[in-house]
Each structure stands twice: as C-alpha cells, then as structure tokens.
Amino acid sequence: MLYSPKKLFLFFLSCTVMLLVNNNNSGFVTSANSIGLNYGLLGDNLPSPSNVINLYKSIGITKIRIFDPNTEVLNALRGHRDIEVTVGVKDQDLAALAASAEAVKGWFAANIESYLADVNIAFITVGNEVIPGPIGPQVLPVMQSLTNLVKSRNLPILISTVVAMSNLEQSYPPSAGMFTSQAREQLVPVLKLLSQTSTPILVNIYPYFAYASDPANIPLDYATFNTEAIVVQDGPLGYSNMFDAIFDAFVWAMEKEGIKDLPMVVSETGWPSAGNGNFTMPDIASTYNRNFVKHIASGKGTPKRPNNGIDGFLFATFNENQKPAGTEQNFGLYNPIDMKPIYKLF
C-alpha cells in the first residue's frame, strides 16, 4: 500500500504512541511524551488557521504551541479538544501585566476566558526567551498572578515560561552545567515557583546553532542524533548526541541551585533546511528532525534522566517569510503556499 507524506507522518506518530505505551515505565503520563509542532504566524502567505488545523489532524498532531493568543487560531481550534494548545503571553505585554494582579485578570478575561469551554488550553507561557534579560524580572510576578488565578478557579491550565540555553554560563561537559549570574537572579525564583507544583519549565534546545558555530570540533552525526557511538564521556554518563548533552547540562544547572526533578518540556527544537550553505541542506534538516522524533519515541530519556519520556515540540510548521532573512525563514516542515512537506521526513 502506498502512503502519502502526510499518512507516513501520521503512521510514525502512531508508532510513537504505541512505543511509549509499551515501553515507558517512568511514571510520566504517556500522552505527555509525544511530538507537538510550533505554529508561527510571521508570514504573509500562510494558510488559513482552519486549514492548518485540518493539516494537524491529518498528520496526527495533538499538541501545538502558538506565540500569542491569536483570535483567528483560537477560534479555528473551537471544538477540537483533541489538540492541546500552549498559548504565549506577548513579551511586550509583560510590563503592564507585571504591575498588578488585576491587569492579569483583565488579560485572561480578554484573551483566554471565551475559549475555555471548547479549546483545550494546556499551558500559558509567560514570555519567550526573555530570561535572562532586561524584561526578565517581569516574568515571575505575571506567572504568580496567573498561577493564583487558574488555581482559584480550579482550571487545568499550567503556567510556565520559555527559556533558551543562554541561561547557561557553562554547558560542557554536561555535569559542569551552571547558570549565569543573571539567570540565577531571574530564572531560579521562577524554577522554585514551578517546583512547588512540579510544573515543567519550557526550554528551547538547538544543536544546530552550536554545530554551525563550531563545525570543526562538533561532528555532524553527533549534532543530528546520527550515531550510536559515545562522543562525550562525562564521568559514568556517555553522550552520543548533542541534544541530550544540552538537556542534561540544564538539569545539572538546576540541581546546583537546589532544584531537583523538575520536569522539562522542549518547547522548540529543529534544523533549518536553507539559509546557511552546506550546514542547512534539506537532507540534514530531515535527518535531525526524523531522529529527534525517533529519540522521543524511544522513551529512553537522557543519560542523566534515563527512562523519562520527553515532551517535545518541533520548530516549526511553516517557513515564515516575515522573519529575519536567512536560516530564521527556513525552519518549517511545510511550504505555506501548497502545504506540502519541504523535505521527506519519514
């Protein structure tokens, strides 16, 4: 029987669920250990949200992340409660929201309230990679206000933030992972708030950027999950891929601040298919993304957190032509004009 690219992707995701049901003994909820997609909107040639939702359903995607409470997208999601949605608070809204709990209540009423009955909002993320930075201190008070609000109403919505690996002062070897001084000031209080309820911190992990900055010393196969050989030996822990090493460096950094066993969700990872010469060929992007999905499907976790399933979101659904020129426009899995895969994934 012949399968279209969409059907092959759906088949593979079905296998992912089956693998996790059969092999995941970590105690994590099985439905959490699956692949989601980031749905960015920085393009002038994107399909309608309703067509995008149909695409997600056709390829078996049950988790998506949007970067702000876009009304067209949220309205298109009405009735599709089989799709969990992570909704971002715009960075530019943080200052006003950090000023008072009343401002947060107003934001929630205007942007979230009307969707509670028929849209499955799983997470609200406060800021995207703003810690560490000048508006980083605004994240914690907004998170506190939103956490108190959803708790007071007994809503099943988790409140967190999204951070980049720029919070790490050191990441090699992974056991040396430690936060920068600014991250200790801005991020650690956030992590302690999350640890009170075991709510995940969302992290963006991009081996591509590390590889592209130092290809002479980082093997491509190590950066793309394409070898089983141990490349980095860190005490008793051996690493055959850079993703696990970055992930565990963040875990070690948290532990050094007294934060243990806090869940981590990978809110973004991916590889561009163009924009930086031979580093961004479609076959390399396909290899990375395919192997990332297989890694998640295995349920084996990382060397420091073995057998712990990982919840991960690929970046991104479409190439977005209003992002900065170069690689930023070329992380998509699908062409926005005809909604066909940019390269063969499976």
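In what sense do strand β1 (residues 35–38) and β2 pair, and over how many bridges? Please carry on from there to the surroundings of β2.

Analyst: Happy to. A word on the basis: this is a predicted model, in which local features need pLDDT of at least 70 and side-chain atom pairs count only at pLDDT 80 or more, while totals for chains, interfaces and linings use all residues. Residues are numbered from 1 along each chain as its sequence is written, and side-chain values use heavy atoms, with hydrogens and water left out.

To your question: β1 and β2 pair in the parallel sense, over two bridges. Strands here are DSSP runs of E with at least two residues, helices are runs of H or I with at least four residues, and both are numbered from the N terminus. Two strands pair if DSSP finds at least two bridges between them. N38 has R65 in β2 as its bridge partner. Together with helix α2 (residues 49–58), the two strands make a right-handed β-α-β unit. Right-handed means that, with the strands pointing away from the viewer, the path from the first strand over the helix to the second runs clockwise.

β2 also pairs with strand β3 (residues 84–89): the two run parallel and are joined by four bridges. Here I66 has V87 in β3 as its bridge partner. The chain gets from β2 to β3 through helix α3 (residues 71–76), and this β-α-β crossover is right-handed as well.

Now for the side chains of β2 (residues 63–66). In a regular strand the side chains alternate between the two faces of the sheet. In β2 both faces are covered, with K63 and R65 buried on one side and I64 and I66 buried on the other. Buried means under 20% relative accessible area, exposed means over 50%, and partly exposed lies in between (1.4 Å probe, protein chains only).

Side chains of opposite charge can pair when their charged atoms come close. A salt bridge is counted when a side-chain nitrogen of Lys or Arg is within 4 Å of a carboxyl oxygen of Asp or Glu, and the structure holds eight of them. One of these joins K63 to D311, at 3.2 Å from N to O. This pair links distant parts of the chain, since D311 sits in strand β12 (residues 311–314), 248 residues apart from K63 in β2. K63 counts as buried because its relative accessibility is 4%, and D311 counts as buried because its value is 10%.

R65 forms a salt bridge with E268, and their closest N and O atoms are 2.9 Å apart. Again distant parts of the chain are linked, with E268 in strand β11 (residues 264–269) and R65 in β2, 203 residues apart. E268 has 6% relative accessibility, so it counts as buried; R65 has 1%, so it counts as buried too.

For a contrast, look at the loop between α3 and β3, where R78 lies. R78 meets D118 in a salt bridge of 3.0 Å, N to O. D118 belongs to the loop between α5 (101–111) and β4 (120–128), 40 residues apart from R78. At 30% relative accessibility R78 counts as partly exposed, and at 23% so does D118.
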